[in-house]
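Here is a short briefing on one protein model.

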Amino acid sequence: MKDGPTEHKEKVALVDLRKDRSLDALARTGNVAQFVSFRPGVGAALTQQYSRVSGYPPNHEFGGLERALSILLAMSVDGTINLRSYAPDSPRSHDFIYGLRRLGEAVAVAQRLGSQGLYVIANETVDIHDGGVSGVVQGDIVEFAPDDTPRCVEKPGVASLPKAWAFGILRTVYGFQPDIETPRNSRLEFSIHPKPRGWKQSHTLAWEFEELSEVTATPTFAWPNRFSRHIGDKAFGLLMADLVGVHVPQTTVFGRRVAPFRFGRSTGSLEVWTRTCPLEPEPGRFTTLKGWTDPFRLMAKEDPDHGAIASVICQAAVPAAYSGAAIVTIEGQLHVEGLPGEGDGFMLGRDQPKELPATIRDDIAIVFRKLSEALGAVRFEWVHDGQKVWIVQLHRGATQTSQMVLVPGEADQWHSFEATRGLESLRVFLRDLPQDAGVRIEGDVGLTSHFADLIRKAKRPARLHNPA
């Protein structure tokens, strides 16, 4: 009989160290989801161990299972709780019951788990679809995504950035500084929420923390990613340009999933451009117009199913001396095109590029070097106001384009398209093109225009043909 209690205490200590005690320790310095933990007793009885509930002292004793779960349900932001369980000799989880709303059901489930000799942690349900993000801070790297738990980092498509950049973007988008302070040799799972949550009722939740002996991770900087789709591809690219430190016009983002936010610099103009912001680049497909229009009506009109447009951006106009775009060619060279004045006609393929002054090209090359040193190969749309370059769109990655080849490759057959037919006709043409066919573009086309971007996005062999 004496060996039994001793063995049981050893198992309790092991579990405390790996589950309950780690939550308790994490809550001493950070905000955690509200929880009450229990260890199994005699029969179905459960004995409270630790707790963190808003408005109550740390590890407050609630006087029984039913009262503890009743208060936890009442304090949960969404009125639901989860129950997770694990065996006393292993921290590996067993049953996980999500989204319990009724007290009687929660008590019955907890008692059933306790009768099996399992330890139980009851915690408030954390809504991962509330417009916030979850992720991991590891060393000087942060990776995150919306609509997921911190385990999102085990899936493709997370935003992966240096800590200062990641927190800069999250602070801009959500309006508060993430409450995360971690030593470099550590790993913290976290989530960020528009509404206050957790026992400290703040916007940042800590999920799990561990110390590491070595940190070697490096950021990828890649987009599109799940977060860039969340706020819109153009908005994410401009945020990255702003973080690099180049000139970005003051931009207000009206999103479907996040509250409006603003960044960028004053251009000195009172005019604005309204630009739809798809989840991923859709060259020339959706509206861009000079002037103000209702962003939510525009999204409802052009994307009623909410499947293509993430946001609309209202961007301060730049008094345009010259406008255009720049790409990196297949040879790794910067290729700049543009024309005097505003460049919307050029980007849509209606206007042809003109010779640019050397001073304009030099200014663009300086901005390109600054962007590429931070991000790698980039392509962007620019406006020059006569004194400096402004970035109005930014994407990452080189192209396979050369002077006469938009997309390299061979085809069994070649179909010609007259550039004068326009962008929307090209979109239909590419959609209906046979799988074994390539494209021969007849006429003048800017290599940096939306016209050329659309062909590159289709990934069909494409060549330029201009008899003149």
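Strands β16 and β17 run antiparallel and are joined by seven bridges. The model is predicted: local features need pLDDT of at least 70, side-chain atom pairs count only at pLDDT 80 or more, and totals for chains, interfaces and linings use all residues. Residues are numbered from 1 along each chain as its sequence is written, and side-chain values use heavy atoms, with hydrogens and water left out. Strands (E, at least two residues) and helices (H or I, at least four) are DSSP runs, numbered from the N terminus. Two strands pair if DSSP finds at least two bridges between them.

- A325 has E337 of β17 as its bridge partner.
- The open sheet has four strands in the order β17-β16-β18-β19, with antiparallel pairing.
- β17 (334–340) and β19 are the edge strands; each has a single partner strand, so one side of each lacks a neighbour in the sheet.
- The twist averages 15 degrees from one strand to the next.
- Helix α10 (residues 358–375) packs on this sheet and touches β16, β17, β18 and β19. Contact means heavy atoms within 4.5 Å.
- The direction of α10 makes about 145 degrees with that of β18. Axes are lines fitted to C-alpha atoms, for helices over the stretch in contact, and angles run from 0 to 180 degrees between N-to-C directions.

**The β6–β10 sheet**

- Five strands form an open, antiparallel sheet in the order β8-β7-β6-β9-β10.
- β8 (159–162) and β10 (202–211) stand at the edges with a single partner strand each, so one side of each has no neighbour in the sheet.
- β6 (residues 133–138) and β7 (residues 141–146) are antiparallel and share six bridges.
- V136 stands opposite E143 in β7.
- Helix α5 (residues 163–174) packs on the sheet, touching β6, β7, β8 and β9 (186–197).

**The β-α-β unit**

- β21 (residues 413–418) and β22 (residues 437–442) pair in the parallel sense over six bridges.
- W414 has G438 in β22 as its bridge partner.
- β21, helix α11 (residues 423–432) and β22 make a right-handed β-α-β unit. Right-handed means that, with the strands pointing away from the viewer, the path from the first strand over the helix to the second runs clockwise.

**The second largest pocket**

- The lining has 49 residues; P283, E381, H395, H450 and D453 lie nearest the centre. A pocket is an open set of points on a 1 Å grid over the protein atoms alone, where a 1.4 Å probe fits, with protein on both sides within 12 Å along at least five of seven lines; lining residues have an atom within 4 Å of a point.
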